[in-house]
Amino acid sequence: MGKDIIYKIITSIRNVDDTNKRRVKIASTNITNNLIKILLQEGFIKDVRKNHISNKKKLLVLTLRNKTKHNKYTINFKNISRPGLQIYSNYKKIPRVLGGLGIVILSTSIGLMTDKEARRKRIGGEILCYIW
């Protein structure tokens, strides 16, 4: 699986989140589409748009949540699995991030999903990253 791709996507989102820009352009693949769908459902991303440059190259334009004076919303993540070391867990031992405030993204036999979905469906898998 493309763990390097997931790491690059989340790093680019975090880097843009640190600046005053609110938009990120990411290449569109099956893995990125599934990851962005999870981040959109969990509220880490405000909006997603598809942008076609040419017939072969497709981009996703992500709009991040706005920062206000009172709410300095930032995206934090920790990469767990990497190409040289994969961490697997069954559904009973999936860790909770910040007592359930964050999410764990898992790669399962069904596809990418959050820790809550994996526990509900009773499926374990490879722990890719923590996001809070």
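Which residues touch the most other members of the largest nonpolar core? In this predicted model, local features need pLDDT of at least 70 and side-chain atom pairs count only at pLDDT 80 or more, while totals for chains, interfaces and linings use all residues. Residues are numbered from 1 along each chain as its sequence is written, and side-chain values use heavy atoms, without hydrogens and water.

**View 1. The largest nonpolar core.** Among its 24 residues, those touching the most other members are Ile13, Leu35, Ile36, Leu39, Leu62, Ile105 and Ile131. A nonpolar core is a set of buried Ala, Val, Leu, Ile, Met, Phe, Trp, Tyr and Cys residues joined through side-chain atoms within 4.5 Å; buried means under 20% relative accessible area, exposed over 50%, and partly exposed in between (1.4 Å probe, protein chains only). Two or more residues each come from H1 (3–18), S1 (23–27), H2 (30–42), S3 (58–64), S6 (103–107) and S8 (125–131). Helices (H or I, at least four residues) and strands (E, at least two) are DSSP runs numbered from the N terminus. H1 gives the most, five residues.

**View 2. Surroundings of Ile13.** Apart from neighbours within four places in sequence, Ile13 is in contact (heavy atoms within 4.5 Å) with Val24, Ile26, Ile36, Leu39, Ile45, Leu62, Leu64 and Ile75.

View 3. Thr32, Leu35, Ile36, Ile38 and Leu39 are the buried residues of H2. They cover an arc of only 155° around the axis (taken from the directions from the helix axis to the C-beta atoms), which puts them on the same side of H2. Asn30 and Gln41, on the other side, are exposed.
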